[in-house]
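Hi,

Here is the model I said I would pass on.

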Amino acid sequence: MTKRVCIFGNSHVGALKEAWTDNPGRWPGVKVQFVGAHKDLLLQTASVNGRLVATSDPAKRAFQTLSGIEAVNLRDFDAFVVAGCLVSLANAANTYRDCRWIGLPSLESATDLADGPERLVSYPAARDTIAASLATRLGPRFAAHLRNGTDRPIYLTSQPRVSASIKAKWRVATRAHHVALENGDADGLSAAFEDAAARTMAEHGAHYIPQPPETIEDGILTARPYMDGAHRLTAGARIKQPNDDIMHANARYGALVLDQIIAAVA
């Protein structure tokens with residue numbers, strides 16, 4: 001019996017779509033429809049008579065240009081997936097920038113837990129702070145929005161961690177990542193993010209699928225073989241991401257995420 005899966009996403013769905021195109025026959029018994037839209041255009045939609053239709057001109061153009069469709073018939077699918085959509089470890093890194101929580105290795109050697117510049121909180125407080133941040137992101141919001149039109153399973157795949165290339169070049173934008181690596185807190189930061197993400201998606205009517213473990217380096221980074229050579233989400237020819245891009249994964253990464261999705265829906 002063929003499983004029918006619709007995969008929605010922002011720019012991060014591009015890696016999955018490319019992997020699907022490049023690996024014909026790798027996932028037998030599955031039919032996939034990809035629906036991509038940049039920024040928050042997925043939220044500029046509405047469920048009408050079993051169909052998810054665009055409600056703004058930009059959303060209509062995105063559906064037509066990137067996916068070649070005018071609407072998604074929700075009754076045609078056995079499961080739905082939201083790919084990336086800002087559910088990323090960066091949310092946890094933002095909390096780590098300002099806070100430390102009990103259980104992090106860096107606190108074990110501290111002689112005065114109240115002496116640091118960061119706020120000291122409990123693990124549940126840190127996790128819930130991360131979850132509160134995630135709840136404002138596109139992924140959970142669109143999952144809840146989609147839930148209004150279907151009772152089929154909804155999954156969300158984690159946005160990839162930033163590229164391990166940052167280890168060779170310190171970046172202001174990833175300061176919290178650098179500090180966590182230096183402090184030995186990377187695994188603890190990763191665990192808090194995964195806990196918060198799973199709870200957030202459950203609260204929004206969806207199942208959370210974490211990043212493929214074989215793609216993760218040093219707890220909070222994505223190994224370069226899964227990032228280098230990534231392409232943009234476009235309607236036509238493949239266009240590489242800028243050379244300094246550290247956010248987007250490639251088709252090799254996308255294939256592993258598709259493996260996870262197929263295993264989940266099966």
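**The central strand**

Ala79, Val81 and Ala83 point one way from strand E6, Phe80 and Val82 point the other way, and all of them are buried. By buried I mean under 20% relative accessible area, with exposed being over 50% and partly exposed in between (1.4 Å probe, protein chains only). Helices (H or I, at least four residues) and strands (E, at least two) are DSSP runs, numbered from the N terminus. E6 covers residues 79–83, and five of its five residues are buried, so the strand is largely enclosed by the rest of the structure.

Before you go further: this is a predicted model, where local features need pLDDT of at least 70 and side-chain atom pairs count only at pLDDT 80 or more, while totals for chains, interfaces and linings use all residues. Residues are numbered from 1 along each chain as its sequence is written, and side-chain values use heavy atoms, with hydrogens and water left out.

**The parallel sheet**

What order do the five strands of the open sheet take? The order is E2-E1-E6-E9-E11, with parallel pairing; two strands count as paired if DSSP finds at least two bridges between them. At the edges are E2 (30–36) and E11 (207–209), each pairing on one side only. Neighbouring strands here are turned by 25° against each other on average, direction ignored. For this and the other angles, axes are lines fitted to C-alpha atoms (for helices, over the stretch in contact), and angles run from 0 to 180 degrees between N-to-C directions.

Going through the pairs, E1 (residues 3–9) and E6 are parallel over five bridges, and Cys6 has Phe80 as its bridge partner in E6. E6 also pairs with E9 (residues 154–157), again in the parallel sense, over four bridges; there Val82 is partnered by Leu156. Leu156 has a bridge partner in E11 as well, namely Tyr208, and three bridges join E9 to E11. Helix H8 lies across E9 and E11, running at about 150° to E11.

**The cores**

A nonpolar core here is a set of buried Ala, Val, Leu, Ile, Met, Phe, Trp, Tyr and Cys residues joined through side-chain atoms within 4.5 Å. The largest one has 55 residues, and Phe8, Val72 and Phe142 have the most contacts inside it. H8 (residues 186–203) gives the most to this core, with seven residues. There is also a second, separate core of 30 residues, which includes Val13, Tyr155, Leu258 and Ile262.

Contact means heavy atoms within 4.5 Å, and leaving aside neighbours within four places in sequence, the contacts of Phe8 include Val35, Leu52, Val72, Phe142 and Leu146, along with Phe80, Val81, Val82 and Ala83.

**Around H7**

Helix H7 (residues 175–183) has Ala176, His177, His178, Val179 and Ala180 buried. Their cover includes helix H3 (90–98), strand E7 (99–101), strand E10 (162–163), H8 and strand E13 (221–222). Just after H7, Gly184 takes a positive phi of about 75°.

H3 and H7 pack at an angle of about 70°, with their axes 9 Å apart. That makes H3 roughly perpendicular to H7; the cut-offs are under 35 degrees for roughly parallel, over 145 for roughly antiparallel, 65 to 115 for roughly perpendicular, and oblique for the rest. On the H3 side the contact is made by Ala90, Ala93, Tyr96 and Arg97, and the H7 residues in it include Arg175, His177 and Asn183.

One for you to look at: is Arg100 buried or exposed? Arg100 sits in E7 and is buried, at a relative accessible area of 9%. Not counting residues up to four places away in sequence, what Arg100 touches includes Glu118, Val179, Asn183 and Asp185.

**The antiparallel sheet**

Three strands form another open sheet, in the order E3-E4-E5, with antiparallel pairing. E3 (45–48) and E5 (71–73) are at the edges with a single partner strand each, so one side of each is left without a neighbour in the sheet. The twist averages 20° from one strand to the next. E4 (residues 51–54) is joined to E5 by three bridges, and Arg51 stands opposite Asn73. Helix H2 (residues 57–67) packs on this sheet, touching E3, E4 and E5, and its direction makes about 115° with that of E4.

Cheers
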